[in-house]
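Trainee: I am new to this entry and would like to go through it with you. Could we begin with the covalent links?
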Amino acid sequence: QVQLVESGGGLVQPGGSARLSCEIFGDLFGSYTRNWYRQAPGQHRELVAVLADVGPFYYADSVKGRFTISRDNDKHAIYLQMNDLKPEDTAVYYCNVRHTITRALEYWGHGTQVTVSS
């Protein structure tokens, strides 16, 4: 069974930075995209960034130029570097891995809260 565990959230001042990590436990067979989503209070879950095997594939317009998605060499962790944080970035951030062909085959973490406030 695959499990995803996020860490790195917390309270950050506007303009500050934070790095989220997502450890993947278990084996992924086949090709998966590694993804970060977020959900602000009262809002739908929003796709933030997608990392394909060829590299970063997608960033939401609201985070372009400020957020960077990456993974480590052994492909067992995903990261989201967030710079120049704004109050509107406040949300619960979720990591997700999704099979590129059988898209119903996916796994989610439980989420980590990021609050941007002075």
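Mentor: Let us begin with Cys22 and Cys95, which are joined by a disulfide with an S to S distance of 2.0 Å. Please keep in mind that this is a predicted model.

Trainee: How many disulfides does a search of the whole structure find?
Mentor: The search finds one.

Trainee: Which strands hold Cys22 and Cys95?
Mentor: Cys22 lies in strand E3, residues 18-25, and Cys95 lies in strand E9, residues 91-99.

Trainee: Is Cys22 buried or exposed? And what about Cys95?
Mentor: Cys22 has 0% relative accessibility, so it counts as buried. Cys95 is also buried, at 0% relative accessibility.

Trainee: Changing topic: where is Val50 found?
Mentor: Val50 belongs to strand E5, which covers residues 46-52.

Trainee: Why does Val50 count as buried?
Mentor: Val50 counts as buried because its relative accessible area is 9%, and the cut-off for buried is under 20%.

Trainee: Which residues is Val50 in contact with, leaving aside neighbours within four places in sequence?
Mentor: Val50 is in contact with Thr33, Arg34, Asn35, Gly55, Pro56, Phe57, Tyr58 and Ile69.

Trainee: What separates the C-alpha atoms of Val50 and Val92?
Mentor: Those C-alpha atoms are 17 Å apart, and Val50 and Val92 are 42 residues apart along the chain.

Terms used. Residues are numbered from 1 along each chain as its sequence is written. This is a predicted model: local features need pLDDT of at least 70, side-chain atom pairs count only at pLDDT 80 or more; totals for chains, interfaces and linings use all residues. Side-chain values use heavy atoms; hydrogens and water are left out. A disulfide is a pair of cysteine sulfur atoms within 2.5 Å. Helices (H or I, at least four residues) and strands (E, at least two) are DSSP runs, numbered from the N terminus. Buried means under 20% relative accessible area, exposed over 50%, partly exposed in between (1.4 Å probe, protein chains only). Contact means heavy atoms within 4.5 Å.
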